[in-house]
Amino acid sequence: MPQETSPVRVMLEYKGQQFVLQPGHVGSGWWRFDFRKRLAADSQPFDVVAMRNLDWTDLPWLKMLGWTLLTAAALAALLSLERQRAERRRAEELLRLGQVARLNTLGELAAGIAHELNQPLTAVLANTQAAGRLLDDDPPQLTTARAAMQRAAEQARRASDVVGRLRRVVERPDIAGRLQPVSLEAAVRNALYLLEPELRRLEVKPELGSTTATILAEPVALEQIIHNLLSNALQALAQVPAGTRTLQIEVHAIAGKGELTVRDSGPGIAADVLSRLFEPFFTTREGGLGLGLSLCESLASGMGGTLVASNHASRGATFTLQLPLAPAA
Amino acid sequence: MNSPLSPLIHLIDDDEAVRESLALLIGTVGLRVQAWANPQEFMAKFDRSSIGAIVLDVRMPGISGLTVLEKLIAEDVDQPVIMLTGHGTVEMCRRAFKSGAAEFLEKPVDDQQLLDTLQAAVQQHVRSRERTHDDRDARERYARLSAREREVLGLIVAGLTNKEIGRALDVSPRTVETHRASLFAKLGAESLAQLIRRYAALVEGST
């Protein structure tokens, strides 16, 4: 800064005497800054004094404003990020709760079925075995044995009624009436979004092709099938080392059908398992109910489609879901 | 067996078909069966003094079989309780045994398994009743002894001879002999060995 325009006055002081080195425009501001330092030489113990008076107008208002705005913006961004994360966490929590609730319902259902069937079966077994013992008696107690056999038959019929009732509850004949055009690709993206925590945990980056197809489906049933196929793929991938996990998802429209293929690089499906894959209550999983894929298949066929499983030539399993294309609007 | 009647099995299940068929099956081996549809009614009315066992279904409307089991145990009912269930979980099984169930069987139950379990339970109950009966009898007889006789009995159980007992109690061996004969009679003991086997625990318990 040139000496003439500098706002700082520099002086040497010694016992009240002042020697101005640079007069400077100290200004008339009310806020005075000064700085003193004694020179270290014993022969000349001068004080060096630098001083300046500050006024409101001297403050760097623009820079201060800029800094404040920048800080506020950064803070706002941080808060919104935190809010987003909390929302995401909540959504994940809700999803997990939903799954737990569904599992509990299934557990309750299984316990109920077990009870409903075990009662008549207990009676059938006890009656027939009692009849056997009565016939072994000497003399054989024919009348009582015959009555026991008759009661056993009644109870066998009761068991079969329970099964019939159960089938009518589980089968949903009205699913075909609720079909509507659905974007297969959008449904996949939705399912992937829900599974994102799981994908991240397993370090799986799903590869989703760019093609799409609009099919006729019942949205909830479709979501359930896709969710099931993707979770199965993830469980298969969890069994192989992290670096080798790939998940390829493709959507095509071919010959009047919309086709979704889900291919994982997991261990694949053993030959003896492959043939029984869609059987109800067949499971290879510890604690599995064996209902997932069987349900998916009946849902798919209820919507006029198919679900097929195969092993890939190199490695891993492929599930192919086909559903009728929606008629062009 | 003590009772002139054959052992009585109480069968509690809300399902009529199950109740009838199991009652028939249990009857084929000569055990008497009393079937109950309602656990509350069973709890209120069943004969607690009878020899036998209780077969209890876990899943019943209104009150769980496990709750009935806990109430029976809390009441000091000594009949062994066999639990029956259609879908036993490990947790349920654990709770049943912890509460004092004698056995835990899954429906549908095989005849041989059920009948073997019942026979074993009945035998166990008969033995435990005999033991309680003997214990009570011994306690009653012991209570009839005089203070001096109890002292003498304590010293006999401790292994002292008549002469030593006389010295210890500062009486003549002849007096000891009299006390000894009297307490043998009161306790109904036929030999020294029997006396010690039946009363040692009581003597040690009272000192």
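Ile82(B) is buried, with a relative accessible area of 0%; buried denotes a value under 20%, exposed a value over 50%, and partly exposed anything in between (1.4 Å probe, protein chains only). The residue Ile82(B) lies in strand β4 (residues 81-85) of chain B, where strands are DSSP runs of E with at least two residues and helices are runs of H or I with at least four, both numbered from the N terminus. The C-alpha atom of Ile82(B) is 8.2 Å from that of Thr117(B), a residue 35 positions away along the chain.

The model is a predicted one, in which local features require pLDDT of at least 70 and side-chain atom pairs pLDDT 80 or more, whereas totals for chains, interfaces and linings use all residues. Residues are numbered from 1 along each chain as its sequence is written, chains are lettered from A and ligands numbered from 1 in the order in which they are written, and side-chain values use heavy atoms, without hydrogens and water.

Two helices of chain B, α6 (residues 147-157) and α7 (residues 162-169), pack with their axes 10 Å apart and at an angle of about 130°. Axes here are lines fitted to C-alpha atoms, for helices over the stretch in contact, and angles between N-to-C directions run from 0 to 180 degrees. The angle makes α6(B) oblique to α7(B), since angles under 35 degrees count as roughly parallel, over 145 as roughly antiparallel, 65 to 115 as roughly perpendicular and the rest as oblique.

Side chains of opposite charge can pair when their charged atoms come close. Over all chains, 20 salt bridges were found, each defined as a side-chain nitrogen of Lys or Arg within 4 Å of a carboxyl oxygen of Asp or Glu. In one of them, the closest N and O atoms of Arg88(A) and Glu196(A) are 2.5 Å apart. This pair links distant parts of chain A, with Arg88(A) in helix α1 and Glu196(A) in helix α4 (residues 196-202), 108 residues apart. Arg88(A) is partly exposed at 22% relative accessibility, and Glu196(A) is partly exposed at 31%.

Another salt bridge joins Glu185(A) to Arg189(A) at 3.2 Å, N to O. These two residues are separated by about one helical turn because they stand 4 residues apart in helix α3 (residues 184-194) of chain A. Glu185(A) is buried at 15% relative accessible area, while Arg189(A) is partly exposed at 46%.

In chain B, Asp137(B) and Arg141(B) form a salt bridge with their closest N and O atoms 3.2 Å apart. Both lie in helix α5 (residues 111-143), where a spacing of 4 residues separates them by about one helical turn. Asp137(B) is partly exposed at 24%, as is Arg141(B) at 23%. Elsewhere, salt bridges that share partners join Asp13(B), Asp57(B) and Lys107(B) into one network.

On the surface of chain A, Trp30(A), Trp31(A), Phe33(A), Trp56(A), Trp61(A) and Met64(A) form a nonpolar patch with about 720 Å² of accessible area together. Strand β3 (31-38) and helix α1 (61-136) of chain A each give two or more residues to the patch. Patches consist of residues with over 30% relative accessible area and no salt bridge, with nonpolar side chains (Val, Leu, Ile, Met, Phe, Trp, Tyr) joined within 5 Å and like charges within 9 Å; accessible areas come from the Shrake-Rupley method with a 1.4 Å probe, and for residues only the protein chains shown count as cover. Trp30(A) is placed in the loop between β2 (17-22) and β3 of chain A and counts as exposed at 52% relative accessibility.
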